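Grab your viewer and work through the exercises below. Try each task on your own before you read its solution.

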Amino acid sequence: MPDWGALRAEFPLLDRCIYFNACSLGPLPRSGRAALARYGQDWDEQGTPVWFTTWLPLLERFRGRVAELLRAPAGSTAIAPSVSVALSTLATGLPLPQGRDKVLIGELDFPTVGHQWLSRPEYEVEFVPSHDGMTIPPEAFAERIDSRTALVVTTHLFYTTGYLQNVRAIADAAHAAGALCVIDGYQTCGCVPLDVEAMGCDAFVGGCLKWVSGGPGNAFLYVKPELIPQVRPRGTGWFATRDPFAFTLQELTFADDARRLETGTWAMACHYAGLAGLELVLEVGVDNIQERLRDLTDRILQRCDAAGVRTFTPRERELRCGIVTLECDRPEEVEAELHAAGVIVDSRPGRIRLSPHWCVTEQELERGMDLVITSLSPPGEQSERRG
Ligand SMILES: Cc1ncc(COP(=O)(O)O)c(C=O)c1O
């Protein structure tokens, strides 16, 4: 196991607050801060040649590290500015089966997944219901896949409940009926070991903002190598072509590899930080981070049970990772109160969401949970509980 105490020193923000919101914005590591300074220095010292000496090689390294994170073959990963853009590229570009117009999406998926296909009148979107408000069994997807289903899209881990889906079962059901399967793994990148080939999905989107601590602007996507030659996004850019520096205005030849999913000039500052976060997480080991987070979320669930706080996260260790959500009738107020007390959490309608960073100590976790539980109590009961 890594030395969590030593690693904690890599995240100065953790000395200033109790950080229970790593699934939203991971804290900046020292290496990321240094990388951002290096970005300014490289640009300032070199001017235009920096593209060839440093920036294009850095992007290639970033794509390679993403492939390592996803255990994806070389050439099957591409960079995107956000997960929404990555999904948009897939929505227009994937070779869906002819004559089918239905897209299945989970009722607990992140809104951008729904919006992506609801914005396209050529598709009928069906939402797979959750009967307990927390999980959706793979069978619920399987039952709704029919001869009209072109695509199943869902998230790997639900952002409001922390439930980890069995992606393999969902992808197998889609394929058995001739449909494709896209997985949004933004909430599992950096906290659940990934293997896109074992998952069996046709495409995967994710990014470095959350558990990878790489900051915004660092989303990415993967497409199964055998599908890549058939992917033709509608709406593209010169950096998606085979040879951007041939400047062929009147001809469009897509790159042979996943670079065909990219578009124009990259926001380089973001990728300096993204790469630093990604390399740190790969060095620590995502399997280690997963175990650590499951221990921390175990303890959060125990504390909630002991205090009589209702939670919406599975008890089974293998069905969750870094998120626990708690019932709360005034989430925004509670979030603000906790912020003022030095505990960073997130609120969602009717809920407070806790996602401790993997370097939060046991003592901090207990102290943070004391404050969370006190804040959740109706105002009149707070002093009683504090005592
Ligand atoms: C699972 C999931 N997918 C997609 C998004 C949206 O990503 P973006 O803002 O990069 O489009 C989020 C944002 O938190 C998310 O949690």
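**Exercise 1. Find which polar atoms of the protein sit within polar-contact range of the ligand, and how much of the ligand the protein buries.**

Step 1: move on to side chains. D184 puts a side-chain N or O atom 2.5 Å from a nitrogen atom of the ligand. For Q187, a side-chain N or O atom is 3.2 Å from a ligand oxygen.

Step 2: check the burial. On its own the ligand exposes 400 Å², and the protein buries 82% of that (Shrake-Rupley areas with a 1.4 Å probe).

A word on ground rules: this is a predicted model, where local features need pLDDT of at least 70 and side-chain atom pairs count only at pLDDT 80 or more, while totals for chains, interfaces and linings use all residues. Residues are numbered from 1 along each chain as its sequence is written, and side-chain values use heavy atoms, with hydrogens and water left out.

**Exercise 2. List the residues around the ligand and sort them by type.**

Step 1: sort them. The shell has three nonpolar, five polar and two charged residues. The classes are Ala, Val, Leu, Ile, Met, Phe, Trp, Tyr, Cys and Pro as nonpolar, Asp, Glu, Lys and Arg as charged, and the others, Gly among them, as polar.

**Exercise 3. Work out the strand order of the seven-stranded sheet, and which helices pack on it.**

Step 1: get the order. The open sheet runs β2-β8-β7-β6-β5-β3-β4, with mixed pairing. Strands are DSSP E runs of at least two residues, helices are H or I runs of at least four, both numbered from the N terminus, and two strands pair if DSSP finds at least two bridges between them.

Step 2: look at the edges. β2 (77–80) and β4 each have a single partner strand, so one side of each lacks a neighbour in the sheet. Neighbouring strands are turned by 20° against each other on average, direction ignored.

Step 3: zoom in on one pair. β7 (203–207) and β8 (219–223) are antiparallel over five bridges, and A203 has V223 in β8 as its bridge partner.

Step 4: α3 (50–70) lies across β2, β7 and β8 at about 115° to β2, whereas α7 (167–176) touches β5 (149–155) and β6 (180–184), with its direction at about 155° to that of β6. Contact means heavy atoms within 4.5 Å; axes are lines fitted to C-alpha atoms, for helices over the stretch in contact, and angles run from 0 to 180 degrees between N-to-C directions.

Technical notes
A residue is near a molecule or strand if one of its heavy atoms lies within 4 Å of it. A polar contact is a pair of N or O atoms within 3.5 Å; within protein, one must be able to donate a hydrogen and the other to accept it, and residues adjacent in sequence count only if both atoms are side-chain atoms.
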